[in-house]
Amino acid sequence: MTFFTLGKQALVGALLALPTAAPAHFLLEYTTDALIDRPGDVPVKLVFWHPFENGHVMDLERPQEFYVIHRGEKTDLMDTLQPITFTGASNSAAAFLGSVPVKRSGDYVLVTVPQPYFEESEDKYIQQFTKSVLNRNTLPTDWMAPVGLPTEILPLNKPYNIIAGSTFTGQVLADGEPVAGAEIEIEYMAAEPDMDGSAATAPVASPPPGGAVVAISDANGYFTFGIPKAGYWGFAALGSGPATEHEGKELSQDAVLWIRAWELE
Ligand SMILES: [Cu+2]
């Protein structure tokens, strides 16, 4: 009995010592700025990465959909996508460079629907429906409306000028209905992609100890998080979408939202 217990402990120890993929995958829709001064084509990088720790980069396939919503009108941007390589601190992987035409004042809600990604270490597929919001001339037009994705995070604070030190509240939706008890992973984009090169810029922060930063949505799908620092913050509601299977394997349909916080100066 003692021998058996020791053996079991040794086995558990060996399992814990195995290198495992960091849990917090995030699909980035990265633009250098969220507030666009001059009209023109704004470059966007789509990168599937662990941006808080400048960790492993996953290969991103050509997405199923990539579009923008401006004043309620949807514009397909798939034609703008070009394959690129993105290099994080530990590896390089396939990513995409796209572009958003920003002309009139208002919000530009960027949406990416990726192909399900097979995560070998978890033996399951992950599909992150991702939103970020650009704005021109401070005129709010679209940020508060749901896009109608299978799952998404609806912002309750204007997502492009959150004040560092204040809070951000979102609501997790699946097919337009609130999702209670959703696990939301939260990451800071500690290293931002370099728009002119293929690598990331130097990280300006490190993740805290204790693993992923997590919030749980309440009975009506709401969660609130205090934003401690200026920059881009990402929220990923895990497995909040309606589909749970893809090609015979488990599928996690996640809702990702990026917000931009500013230091009050
Ligand atoms: Cu991961």
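Let me start with β1 and strand β3, the latter covering residues 40–49, which in this predicted model pair in the antiparallel sense over five bridges.

How enclosed is β3 by the rest of the structure? Seven of its ten residues are buried, so β3 is largely enclosed.

Let me stay with β1 for a moment, and with Tyr30, which is found in that strand. Is Tyr30 buried or exposed? Tyr30 has 23 C-beta neighbours inside 10 Å, and because 20 or more is the cut-off for a buried residue, Tyr30 counts as buried. Setting aside the neighbours within four places in sequence, Tyr30 is in contact with Val44, Lys45 and Val47, and also with Glu192 and Pro193. Tyr30 and Gly98 are separated by 68 residues in sequence, while their C-alpha atoms are 9.9 Å apart in space.

Val47 brings me to the core. The largest nonpolar core holds 64 residues, and the members that touch the most others are Val47, Val100, Leu134 and Ala237. In soluble globular proteins, nonpolar side chains do tend to be buried together. Which residues does Ala237 contact, once its neighbours within four places in sequence are left aside? The list is Thr151, Ile153, Val172, Val179, Ala182, Ile184, Asp254 and Ala255.

Now the chain as a whole. The secondary structure of the protein chain comes to one helix and 20 strands. Its radius of gyration is 19 Å, close to the 18 Å that the globule rule gives for 265 residues, so the chain is as compact as a globular protein of that length. Along the principal axes, the C-alpha trace spans about 75 × 45 × 40 Å. Of the 265 residues, 40% count as buried, and among contacts between residues at least 6 apart in sequence, 68% join residues at least 24 apart.

Asp175 has a positive phi of about 50 degrees although it is not a glycine, and its place is in the loop between β13, 167–174, and β14, 177–178. Asp175 has 12 other C-beta atoms within 10 Å, and since a residue with 12 or fewer is taken as exposed, Asp175 is exposed. Glu247 also is not a glycine, and its phi is positive at about 45 degrees. Where does Glu247 sit? Its place is in the loop between β19, 245–246, and β20, 249–262, and with 8 C-beta neighbours inside 10 Å, Glu247 counts as exposed.

Conventions
Residues numbered from 1 in each chain as written. Predicted model: local features only at pLDDT ≥ 70, side-chain atom pairs only at ≥ 80, totals over all residues. Pairing = 2+ DSSP bridges. Helix = DSSP H or I, 4+ residues; strand = E, 2+ residues; numbered from the N terminus. Core = buried A, V, L, I, M, F, W, Y, C linked by C-beta atoms within 7 Å. Contact = placed C-beta atoms within 7 Å. Rg over C-alpha atoms; globule rule 2.2 N^0.38 Å.
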